[in-house]
Structure formats: C-alpha cells, structure tokens
Amino acid sequence: MQRWNRQVFRTCSGLLTCMAMTIASHASTPPPEAVERIVLWPGGLAPGDKALTHAEHVVERSTDPTMPDRYMDHISQPHLVVYRPARPDGSALLVIPGGGYARVVLDKEGTALVPTFADAGGVTLYVLRYRLPGEGHPGRADVPLADAQRAMRLIRARAHRDGIEAHRVAVIGFSAGGHVAASLATRFDAPVYPPVDADDAQSARPDLQLLVYPVISMDADIAHAGSRLQLLGATPDTQAVRAASPQHAIGRHTPPAFVMHAQDDTVVPVANSLVYTQALLQAGVPTELHLFPQGGHGFGVRGTAGLTVASWPRLALDWMRWQYTQRDDSSQPAAKPGATK
C-alpha cells in the first residue's frame, strides 16, 4: 500500500510539474528589454534631414500577450537597440527587420531573435530602426542604406567597449530589411552621406550577410510592389531601378552570403533570392542558399513548427561560426611541406 501511495505521489508530482511548465509557457512574455538605445546621428537627425511632422509611432498588432507583434513608423531619429548575451562569443549581428519600407517590424524580425541568437548563441544583437523612404526624407532611395552604413560604423567604433570583435560583425535582414542588408553588403562604401565624426572612418562592410526571404530586385516582374513604390516612387526610370537592385552591385569585396527563402512565398517571390544567389556565384562570392518548400513570408523565427524551415536559425548560426573559423584558419601560416601537427 505504501509503495502504491509513493507511486501515486510521484505521478501526481509529475503531472503538477507539467501543468506548471505549461502555465509558465503561456504566461505573458513581453519583448526582452534592450540593454541600450544608440541614436545613430549626432543631434538625432541625419545630415540634411529634418524632423517629421508626426511623432515616432509604435503599434501593437497582436492580441496574444505571449506573442508581441509591434511595428514602428514615423522615424525621424534612427537608432539601434542592443541585446547582449550572458555569455558573448565576440560576434555581433546588425539586425534589419522588414516591413515593406512602410514600417519597421519590431518583434517577429527583431526581439524574437534574442532567445536563439543572443541567449543561446552568444551573439550580441544590434537591432536597427531605420528611416522609411516614403515618409518625406530627402534622397529617399538611399535613406535606409545611409542608416545601415552609419549603424555598422558605430558598432565597429564601440566594439572594444561592447566586448565584441570588430572583424566579426555580420548583417541579417528580413524582407525589405533584406534589401537594406544586401544594399549594405554591395554598396558599403557608396558615399550616401557626408562623414559627421571620427566614427565614420570605420568600415561599413559587414563581415557576413544573412538574408531571410529578402526583397532584392526592383525589376517590375519580380519586385515586391510595395517596397518598390516606397523606395522609388510610382514611376522610377530604368537607371533608378538598376541602382536599387543589389544583384547589379556585387563585386569582389562583397561578403559571404547566407540566403534563405520559402518557395510558397506569395509576398516576395523566391526569384529575388535566386537572382541574387546567381549573381553572387558568378562573382565567386561564397554563398549558401536554402530553399524550403513551405513557410510563406514574414515568419521570422515564429509560426514554423513542424516545417523544415524552422531549422533556419540553427543553420544560420552554424554557418556564421563555420565562416569565422574558415577565415581564422586561413589567416594562419601554412604548414611547411612534410610537417606534421
């Protein structure tokens, strides 16, 4: 009888533990707190820009407190928010969320990366809240790129203070943010703003580029229409379309690329990733491409349970580490013929 009572106790205890874990997993989980907010430009405004008439605006679209889904628009003072891991590995990611160039998504393609990339992966995250080209800023087509260049230079300028290595700073972009990231990877040295301080002496070239269901081409046949409209207006000329399509700007200094897309994406055609990958390969840029049969668009790291696309964050982390290892190994002196290790 005592043995039976002990078994019942153990069973009940196990059930209570499972119930507690279930309740905890459904408890309200607000977005992780940023360690710091870094304004990109001295005084807040980019060179030649002026404050928008409307104040910075944040909207919560989710009704589920465990799955926040905010976006921001009316951004006059672009900035970074920093998420630092408890056990940093010395690498950093400039995170550029999407939003069709009409908004900046804050959670699905921003804070939702913290558990995998920062907490488990040890990567310091700098999430960029960039100016939107259709909101009235001068030189609209280059406004997001200017913010991305400045962000990369600031990250490198403060690398020692933040405990990261200046030669391990990659960029990851989602959807329209993927267009910003690809533009940064191919036009990192384009003079899209005048230098404002000593930090602008730093290189804006990312060490690696990771593109997740990216907008790439502005060619009308495969472009994401909304992003094209916001970036270039209703009737862009051929020269403007080509200049804003990163596959035409790839060169020998373009960093290695990790590209991911779902074939059933009905928002941004998978052809965007294909044309960019083809151009990378033709230029001899080391490239890893992952095409998944299902996933749709805009999932970030959510809503992919049971699909193979759910593996992409782990694949991305492994690829980043492998790339850094390969580069570090190649910098070592070659062994003499016949030498043993």
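Student: Which residue in S8 is the bridge partner of Ala-92?
Tutor: In this predicted model, Ala-92 has Val-169 as its bridge partner in S8.

Student: How many bridges join S5 to S8, and do they run parallel or antiparallel?
Tutor: Strand S5, residues 92-96, is joined to S8 by 5 bridges, and the two run parallel.

Student: And S9, how does that pair with S8?
Tutor: The pairing of S8 with strand S9, residues 209-212, is also in the parallel sense, over 4 bridges. Within S9, Gln-209 is the bridge partner of Val-171. Between S8 and S9 the chain passes through H5, and this β-α-β crossover is right-handed.

Student: Which residues lie on each side?
Tutor: Val-169, Val-171 and Gly-173 are on one side of S8, while Ala-170, Ile-172 and Phe-174 are on the other. Both faces are covered, as these residues are all buried.

Student: Back to H5. At what angle does it pack with H3?
Tutor: Helix H3, residues 143-157, and helix H5, residues 176-186, pack at about 65 degrees, and their axes are 9 Å apart. Their crossing is right-handed.

Student: Which residues make that contact?
Tutor: H3 contributes Pro-144, Leu-145, Ala-148, Gln-149 and Met-152, and H5 contributes Val-180, Ser-183 and Leu-184. By class, the contact of H3 with H5 comprises 6 nonpolar and 2 polar residues, with no charged residues.

Student: Changing topic: what is the strand order in the open sheet of 3 strands?
Tutor: The order is S2-S3-S6, with antiparallel pairing. Strand S2 (57-60) and strand S6 (104-105) are the edge strands, each pairing on one side only.

Student: How many bridges join S3 to S6?
Tutor: Strand S3, residues 70-73, is joined to S6 by 2 bridges, and these strands run antiparallel. Opposite Tyr-71 stands Val-105 in S6.

Student: Does His-290 count as buried or exposed, and why?
Tutor: His-290 counts as buried because its relative accessibility is 18%, and the cut-off for buried is under 20%.

Student: What is His-290 in contact with, leaving aside neighbours within four places in sequence?
Tutor: On that basis, His-290 is in contact with Phe-258, Val-259, Met-260, His-261 and Leu-315.

How values were computed. Residues are numbered from 1 along each chain as its sequence is written. This is a predicted model: local features need pLDDT of at least 70, side-chain atom pairs count only at pLDDT 80 or more; totals for chains, interfaces and linings use all residues. Side-chain values use heavy atoms; hydrogens and water are left out. Buried means under 20% relative accessible area, exposed over 50%, partly exposed in between (1.4 Å probe, protein chains only). Contact means heavy atoms within 4.5 Å. Axes are lines fitted to C-alpha atoms, for helices over the stretch in contact, and angles run from 0 to 180 degrees between N-to-C directions. A crossing is left-handed if the near helix is turned anticlockwise from the far one by less than a right angle, and right-handed if clockwise. Ala, Val, Leu, Ile, Met, Phe, Trp, Tyr, Cys and Pro count as nonpolar, Asp, Glu, Lys and Arg as charged, and the others, Gly among them, as polar. Two strands pair if DSSP finds at least two bridges between them. A crossover is right-handed if, with the strands pointing away from the viewer, the path from the first strand over the helix to the second runs clockwise.
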